[in-house]
Amino acid sequence: MASLLQFSNPIISSAIALQQQQQDQELDQEEDRIVRLFQETSQSVVFIKDLELTKSPRSSSKEDIFADDDEDAKIEGTGSGFVWDKFGHIVTNYHVIDKLATDQTGLQRCKVFLVDAKGTSFYKEGKLVGIDPAYDLAVLKVDVEGYELKPVVVGTSRDLRVGQSCFAIGNPFGYENTLTTGVVSGLGREIPSPNGRAIRGAIQTDASINAGNSGGPLIDSYGHVIGVNTATFTRRGTGISSGVNFAIPIDTVMRTVPYLIVYGTPYSDRFQ
C-alpha cells in the first residue's frame, strides 16, 4: 500500500525522477573523465615487440629488417613502455627486453610501435640505452626524426593513499592500447627483481595487469604516471591475473632513469 501511495504521489515521483537524473549525470561525468584521461595519456604509451631474426639481415636498411610482416623474424615476446622525453627515450621493464640486453648472436631486436603528437602511428627499432635489473627497469631510444612525441606527465608516488583510483594502460596479450581501472590496494610491498634482489616500496593494485602490460604506466586520476606496471600473481595453471598486481613506484623510476640515460649503467651499482 505504501509503495502504491508513493507512486501515486506526483511530488514523490518527481523527486525520485530528479534523483535518478542526477545519478545518471554523475555517472556520465565520471565516464567522460575516464575517456578523456585515456585519450590524453594513451599517445605516450608504446607497444614493444621482442624479435629474433631468423637469419642474418641481407640489408642494413631498417625498413627491410622491420617489414610489417616480420617474415624474417620470430616474435619472442611483447610488452609495453612509455615515452619519457621528446628525444625518443622509452622506459620499460628490464624483463621485457632482457633477450636484447643479453644477446650474443646479434639477432635480437626490439620493434617499438608509437603514436606521435598528431596521432600518426609508426614504428622504429628500439636501441638499448641502459638497464637496471635490480629495479626491473630499462631505457630504449628510437629515432624520432620527423616526428614529435608526447612524453608522459610524471607524478609522484610519495603521497599515494590506499583506496585512491589508478589506471593501467598497456598491451596485454598483444591487444594494443588497453585501459584497465582499479585502486591502489597496498603500498610498500616487496617483490622480486629479475636479478633475484628485492624491489622494495612497490605499489599494489587491483587494476588488471597481464602478460604484455609489463613496462606500461600506472597513472592517477590526473593522468600523472605513479608507477611502472611490472608483475602480477596469476591463478595457478591459468596464467590469468589474480587481481594482485604490482608497479614500481615512480619516485624510484625518477632516481634510476636519468642515470641510465646519461651513463647507461645501473643507479643501484653506486651502492655496491
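## Confidence and conventions

Within the chain, helix α1 (residues 2-8) has the lowest confidence, with a mean of 49, while strand β3 (residues 89-92) has the highest, at 98. That confidence is pLDDT, the predictor's own score for each residue, running from 0 to 100. The average pLDDT over the chain is 86, and 79% of the residues score at least 70.

This is a predicted model, in which local features need pLDDT of at least 70 and side-chain atom pairs count only at pLDDT 80 or more, while totals for chains, interfaces and linings use all residues. Residues are numbered from 1 along each chain as its sequence is written, and side-chain values use heavy atoms, with hydrogens and water left out.

## Overall make-up

The chain contains 5 helices and 14 strands. These are DSSP runs numbered from the N terminus: helices are H or I with at least four residues, strands are E with at least two. Of the 272 residues, 42% count as buried. Buried means under 20% relative accessible area, exposed means over 50%, and partly exposed lies in between (1.4 Å probe, protein chains only).

The accessible surface comes to about 14,200 Å². Carbon and sulfur atoms hold 51% of that surface. Areas come from the Shrake-Rupley method with a 1.4 Å probe; for residues, only the protein chains shown count as cover. Take the contacts between residues at least 6 apart in sequence: 64% of them join residues at least 24 apart. A contact means heavy atoms within 4.5 Å.

## Nonpolar cores

Which residues touch the most other members of the largest nonpolar core? They are Phe 82 and Val 253, in a core of 18 residues. Four elements each supply at least two of its residues: β7 (137-141), β9 (165-170), β13 (224-234) and α5 (250-263). The largest share, 4 residues, comes from α5. Another core lies apart from this one; it has 17 residues, among them Ala 138, Leu 140, Val 142 and Val 144. A nonpolar core is a set of buried Ala, Val, Leu, Ile, Met, Phe, Trp, Tyr and Cys residues joined through side-chain atoms within 4.5 Å.

Leaving aside neighbours within four places in sequence, Phe 82 is in contact with residues including Ser 44, Val 45, Val 46, His 89, Ile 90 and Val 91. Its contacts also include Val 152, Gly 215, Gly 216, Pro 217, Val 225 and Val 228.

Strands β10 and β11 (residues 198-205) run antiparallel and are joined by 6 bridges. Two strands pair if DSSP finds at least two bridges between them. Val 184 sits opposite Thr 205 in β11. The hairpin has 5 residues between its strands, and Gly 196 there takes a positive phi near 95°.

Ser 193 lies in the loop between β10 and β11. Ser 193 counts as buried because its relative accessibility is 7%. Its side chain makes a polar contact of 2.5 Å with the side chain of Asn 195. A polar contact is a pair of N or O atoms within 3.5 Å; within protein, one must be able to donate a hydrogen and the other to accept it, and residues adjacent in sequence count only if both atoms are side-chain atoms. Not counting residues up to four places away in sequence, Ser 193 touches Pro 133, Ala 134 and Ile 199.

Thr 180 belongs to strand β10 (residues 178-192). Its relative accessible area is 17%, so Thr 180 is buried. A polar atom of its side chain lies 2.9 Å from the backbone oxygen of Ser 208. Neighbours within four places in sequence aside, Thr 180 contacts Cys 166, Phe 167, Ala 168, Ala 207 and Ser 208.

Ala 168 is in strand β9. It is buried, with a relative accessible area of 0%. Leaving aside neighbours within four places in sequence, its contacts include Thr 178, Leu 179, Thr 180, Ala 207 and Ser 208. Pro 217, Leu 218 and Asn 229 are also among them. C-alpha to C-alpha, Ala 168 and Thr 178 are 8.0 Å apart in space, and 10 residues apart in sequence.

Asp 136 is a residue other than glycine with a positive phi, near 55°. It lies in the loop between β6 (127-132) and β7. Is Asp 136 buried or exposed? Asp 136 counts as buried because its relative accessibility is 4%.

Phe 173, also not a glycine, has a positive phi near 55°. Its place is the loop between β9 and β10. Phe 173 is exposed, with a relative accessible area of 52%.
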